[in-house]
Amino acid sequence: MTISAEPTATPTPAATLSLALSGGGARGIAHLGVLAALDELQLPVGALSGASSGAIAATFYAAGFTPREVLKLLQATSIPRLTRPLFGRNGLLGLEAVEQLLARHLGAALRFEDLRLPLTLVATDLEAGESVYFSQGPLLPPLLASSAVPIVYRPVEYQGRRLVDGGLLNNLPVEPLLTLGAPIVGVHCNPINREAKLPTLRRVMERTLQLALSANTTARKAQCTLLLEPPQLQQYRPLDFRKASELFEIGYRHTLEQAAALRALVTND
């Protein structure tokens, strides 16, 4: 199902938390640490939404994988193999290897309705210039689309649309969660390091993308009941996948530090 204006989802009990997970490249690994801490604190998650790397973390969690299982899966994956150059007119990299990996672990026929938790993924319609929300039907095409960084990856052709990374227009998708009645915890993995040095063109490009993504989250952060934004993530780059354990630990520790505030969200309802 595709929704372009007023995304909706099945209501969840007020005694649960709704999570909106941002994109952020490798920094999105911190989402797994956040989810692991929530499990340890026995704080129930009732629904999730995600963009880009946040979409991947949310999908695996909603499918029943533990956060540490996903971390091990990531650490066992060859990231260069997933970024095999494909010098076509619409992008430099193909998503075929990523699709095969996701299908192997999630199942090629997985549908949103098969998940243990309600999930909404956001992608960007490159031609219409709008966010598109998916919460029903086949899961893999929207997941690939939500993660397809424009220019770097080819757009995903799906349901008559050309779709790319959802974070391009909405990097903290709170909209699908607003009507559920549960507290919304936003997890933002792109804190800006205002003292960063930009010695190379590659760093300038990374910084430009980060600023663009952060700009569309400002109003959405204000819509969260609680925002988790680990400041230590400022020191990491979007391709620091080799530092997966550190990134996981940052999300985990930051969430434990917010345990009292998180528990209050559930007990006060």
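Me: What share of the protein's 269 residues counts as buried?
Reply: Keep in mind that we're looking at a predicted model. To count as buried, a residue needs under 20% relative accessible area. Going through the 269 residues of the protein with that cut-off, the buried share is 53%.

Me: Which residues have the most contacts inside the largest nonpolar core?
Reply: That core has 64 residues. Another core, of eight residues, lies apart from it, with Val174 and Cys224 among its members. Back in the largest core, the residues with the most contacts are Leu17, Leu19, Leu48 and Leu119.

Me: Which buried residues does helix α10 have?
Reply: Helix α10 covers residues 259-267. Looking down the axis of α10, you'd see its buried residues within an arc of 125°, so they line one face of the helix. The face turned away from that buried side carries the exposed residues Ala260 and Thr267. On the buried list are Ala259, Leu262, Leu265 and Val266.

Me: What do the buried residues of α3 pack against?
Reply: Start with who they are: in helix α3 (residues 67-75), the buried ones are Pro67, Val70, Leu71 and Leu73. Down the axis of α3 they fall within an arc of 160°, so they line one face of the helix. Their packing partners are α1, α2, α5 and α9.

Me: Is Leu168 buried, partly exposed or exposed?
Reply: With Leu126 and Leu169, Leu168 makes a nonpolar surface patch of about 220 Å². Its relative accessibility is 34%, and since the middle class lies between 20% and 50%, Leu168 counts as partly exposed.

Me: How many salt bridges does the structure hold?
Reply: One of them pairs Arg162 with Glu157, whose closest N and O atoms are 3.2 Å apart. Some share partners, and that joins Asp125, Glu130 and Arg161 into one network. For the structure, the count is nine.

Me: How many residues apart are Glu175 and Arg220?
Reply: Their side chains meet in a salt bridge, at 2.7 Å from N to O. Both Glu175 and Arg220 are buried. This pair links distant parts of the chain, with Glu175 in the loop between β9 and β10 and Arg220 in helix α8, and the separation is 45 residues.

Me: In which helix do Arg253 and Glu249 both lie?
Reply: The side chains of Arg253 and Glu249 meet in a salt bridge, 2.8 Å from N to O. Arg253 is partly exposed at 43% relative accessibility, and Glu249 is partly exposed at 31%. They're four residues apart, about one turn of the helix, and that helix is α9.

Me: Is Gln42 buried or exposed?
Reply: You'll find Gln42 in the loop between α1 and β3. Gln42 isn't a glycine, but it has a positive phi of about 60°. Its relative accessibility is 70%, and because the cut-off is over 50%, Gln42 counts as exposed.

Me: What is the relative accessible area of Gln159?
Reply: Gln159 belongs to the loop between β8 and β9. Although it's not a glycine, Gln159 has a positive phi of about 55°. Gln159 counts as partly exposed, and its relative accessible area is 45%.

Me: What percentage of the protein's accessible surface belongs to carbon and sulfur atoms?
Reply: The accessible surface of the protein comes to about 12100 Å². The nonpolar patch of Leu126, Leu168 and Leu169 has about 220 Å². Of the protein's accessible surface, the share belonging to carbon and sulfur atoms is 56%.

Terms used
Residues are numbered from 1 along each chain as its sequence is written. This is a predicted model: local features need pLDDT of at least 70, side-chain atom pairs count only at pLDDT 80 or more; totals for chains, interfaces and linings use all residues. Side-chain values use heavy atoms; hydrogens and water are left out. A nonpolar core is a set of buried Ala, Val, Leu, Ile, Met, Phe, Trp, Tyr and Cys residues joined through side-chain atoms within 4.5 Å. Buried means under 20% relative accessible area, exposed over 50%, partly exposed in between (1.4 Å probe, protein chains only). Patches are made of residues with over 30% relative accessible area and no salt bridge: like charges are joined within 9 Å, nonpolar side chains (Val, Leu, Ile, Met, Phe, Trp, Tyr) within 5 Å. Accessible areas come from the Shrake-Rupley method with a 1.4 Å probe; for residues, only the protein chains shown count as cover. A salt bridge is a side-chain nitrogen of Lys or Arg within 4 Å of a carboxyl oxygen of Asp or Glu. Helices (H or I, at least four residues) and strands (E, at least two) are DSSP runs, numbered from the N terminus. The arc is that of the directions from the helix axis to the C-beta atoms. Contact means heavy atoms within 4.5 Å.
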